[in-house]
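Here are a few friendly notes to read with the model open beside you. Take the points in order and find each residue as you go.

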Amino acid sequence: MEAPLDPMKDDLPLMANTNYMLVKHYVLDLDVDFQSKVIEGIIVLFFETGSQYRKTSSTGKEGCQSQFDEACKIRASEPCHVPVTKVSASSSKTEYNDFAICGKGEEDTSDKNGNHSNKEQASGISSSKDCCDIENHGKKDFLLVLDCCDLSVLKVEEVDVAAVSGIEKFTKSAKLTDDSKELENLRNQIVHELVTLPADRWKEQLYYFTCCSQAPSCGELLFTTGTWSLEIRKSGIKTPADFPHAIRIWYKTKPEGRSITWTTDQSGKSCVYTMGSPINNRALFPCQEPPVALSTWQASVRTAAGFVVLMSGENSAEPVQLREGILSWYYYVTMPMPASTFTIAVGCWQEVKQQSFTAAIQTNTECSLPSSQADFRWHEGICGHVEYPCRFQNPAARLQAVIPYRLFAPYCLMERCKEHLLQLIPQCLSAAYTTLGTHPFSRLDVLIVPSNFSSLGMASPHIIFLSQSVLPGGGHLCGTRLCHEIAHAWFGLAIGACDWTEEWLSEGFATFLEDIFWAKAQQQLSHDEVKAQQELKALLRWRRLRDEVQNSEEELQVLRPKKESTGELSESGASIVKHGLKAEKIFMQVHYLKGYFLLRSLARTTGEASYLASLRKFVHKFHGQLILSQ
C-alpha cells in the first residue's frame, strides 16, 4: 500500500485517483449570483475505469481501455437547463455531519482560508489510500477521490442513465431488468458506450450527455470533504469497475474561493473570472486535476440580463432568455483537455467590432497551403491522440489562416482596443498559421480583463485574457503579448506537459515563438530591422534571467525540479506539483527565459528555417497529446 501524500506547504497536491477512475466528460449547470458572490448548481461527471485497475484486476470483467487509447468525443447542440434548488448563501455556517449522504451538506470546518479540514471527521475512513487499495478491494469500499477546495458540497448522487429515453441503443444485447446488480452493470455499460462513440457522432454524443445529466437519481452517495479533496463512496462497492460511472454533485462556490475572482471592471461594473490560480479550477468545480485526465465538457450558465458569459468553448454562444431578466449561455468542447484549462468570465463586456466589410474579409481568410503545410499532406488522417473531431484532419480547417475571432472589453476601453488591438488579431493569427500550420482551435475570443489581473496574458482553449497594461504600449506591446498567447494554442494547450513542473514546455516555446510570429506580422519591417528587434529583446531577456538567477532560490531555477522522477505518479494516480503554491514563483520568468534561450540556441545551430520545419513536424505528431522534456 502506498504511503499517504504529505506535500510540503509549497507543493500543490493532485489528489484525484485517476489510475482507478478517469473522468471523460463534465456537464455543468450553474447559476452566477453577483449579490452573494456565489456560483452554484450541479456538475455531472462521466467516468471510465482507470488503467491501473484494468491492469491489476483479476475479476476478468471488461474494463475500459487505457487512458491513452480510448475515444473521447462529445456533443449536441441543444442547451439543457436542469432545475437547481436554491441554497441560501448564509447556509455555509450550518453544521452537519461531516460524512454526509448527499443533500445533508457538510460540516463547516473551514480554516481562515475557507479550506475544509478532515481532522475531526467522524466517517470512520482512515485514509483515501486504504479505500483505494485495489490489491485489497475485497476488504473495504472503493473510494473515488476528486480534487476539490473552497467548495460547499451539498449532495452527491448516482445518475440513472438507464432511465433516459432512447438510451437502449447503448445497451447492446443487454435487457433492462429489475435486478439491482444487473442494473448497476447496465448503467456503467451505457456510460462506456457513450464516452467511446466515434468522433463523427459527436453531436449525438453531446445530446445524450445532456439527457443523461438530467436523468433521475438512483441513490445518494456518501461523501466527505477535505482540505484538497472530495471523497465519494457507495456502500458495498469494492472495485472501480463496479462504482457508478455517472455521478451528479450539487455544490456552490465560496466568495473567498481561490479559483475565481469577484471584482469590478475598469468601468465599475461587477464581474467574475478565472484568473489562472495556482490551485487551478478545483475551487470552481470538483474535478480531476492531473493532466492525464483529458476530458471534454459542456456548460449551461445562467446570469442576470446585461451580463455576457465568455467561456472556453468551440461555439460562439448566443444567450437564451429563460424568464424576464435571466439569460442562459451554453458552451461545449469536443477536444479532450485537462480540467485546468476550463475558463469562464462573466461581466458587462462589450464586443469591439470593426466595419462589417473588413471583418468579413479578415475572419474568412483562406489561402493555399503554405510550405509549412504542403509537406504534410501525407499526414492527413494520421493522428496519435485519442479520437476526437480533429482540425488537423479537416481539409477546410487546414486552409484557414485566420480563424473567426471576437474582441471584448469594458466599455471605457473599447476605443483604445479598436485603435491598438483589434487589427492585430488577424495579423498575428495569420503569422502563427504561416509558422506552424493548422490552428488547433476553431475560434478565438480575446478579453481585456479587470485591472487586478496579475499577468500580462493567459491562454485557454478558444479564449485569451489580456491585461489592460498592454494597451498603453501601442501596437508593439499588444502584438508581442498577443503572439505569445496565440502560441499557447499549440504549445501548452494542443500539446500539454505531462508533468506540470515542466512548465518550460509551454512558456519557453511560447516566448520563442512570439518573436517568430511578431516578425511575420510586422510586414512593413525589413529583414535587418526584424533581426535588430529580436537581438535587443534577447539582450533584455538575458539581463532579466541573470537577475533572477542571482536573486532567487536555486531550487526554483531548475527546468525539471523532479529530475528523474518527472512524470511519475503514485499507484492511485495522485501526485504533487513541486513548488506549485510557492508565492514568489508566480512572479518568476526563469522557465520562460531558460526555455527561450535553449530553443534559440537550437534554432541557431540548425538554422531557423530548418528548426521551424522540425517544430511543424512535432506539432503534427504530438498535437492532442501530453509530453515530457525527453
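1. A word on helices to begin with: a helix here is a DSSP run of H or I with at least four residues, and helices are numbered from the N terminus. Please also keep in mind that this model is predicted. With that in hand, look for N185, which belongs to helix α3, spanning residues 180-195. Now find H245: it is 60 residues from N185 along the chain, yet 9.7 Å separates their C-alpha atoms.

2. D31 sits in β2, which covers residues 21-33. Its relative accessible area is 12%, so D31 counts as buried, the cut-off being under 20%. Between the C-alpha atoms of D31 and G41, which are 10 residues apart along the chain, there is a separation of 6.1 Å.

3. Now turn to the nonpolar interior. In soluble globular proteins, nonpolar side chains tend to be buried together. The largest nonpolar core in this model counts 137 residues, and Y26, I232, I249, F285 and F512 have the most contacts inside it. Helix α11 (residues 504-521) gives the largest share of this core, namely 10 residues.

4. The structure contains 5 cavities of 30 Å³ or more, and the volume of the largest cavity is about 120 Å³. It is lined by 17 residues, of which I403, F441, L444, I486 and A489 are the closest to its centre. What kinds of residues make up this lining? There are 12 nonpolar, 3 polar and 2 charged residues. At least two lining residues come from each of β21 (457-460), β22 (463-466) and α10 (474-487).

5. Finally, stay with α10 for a moment. This helix has 14 residues and spans 20 Å from first C-alpha to last, close to the 20 Å expected at 1.5 Å a residue. Why can α10 be called largely enclosed by the rest of the structure? Because 11 of its 14 residues are buried; among them are C478, L482, C483 and I486.

Conventions. Residues numbered from 1 in each chain as written. Predicted model: local features only at pLDDT ≥ 70, side-chain atom pairs only at ≥ 80, totals over all residues. Heavy atoms only, no water. 1 Å grid on protein atoms, 1.4 Å probe; cavity = no way out; pocket = protein on both sides within 12 Å on 5 of 7 lines; lining within 4 Å. Points joined across faces, edges and corners; volume = space filled by probe spheres on them. Nonpolar A, V, L, I, M, F, W, Y, C, P; charged D, E, K, R; others polar. Expected span 1.5 Å × (residues − 1). Buried < 20%, exposed > 50% of the residue type's maximum accessible area, 1.4 Å probe, protein only. Core = buried A, V, L, I, M, F, W, Y, C linked by side-chain atoms within 4.5 Å.
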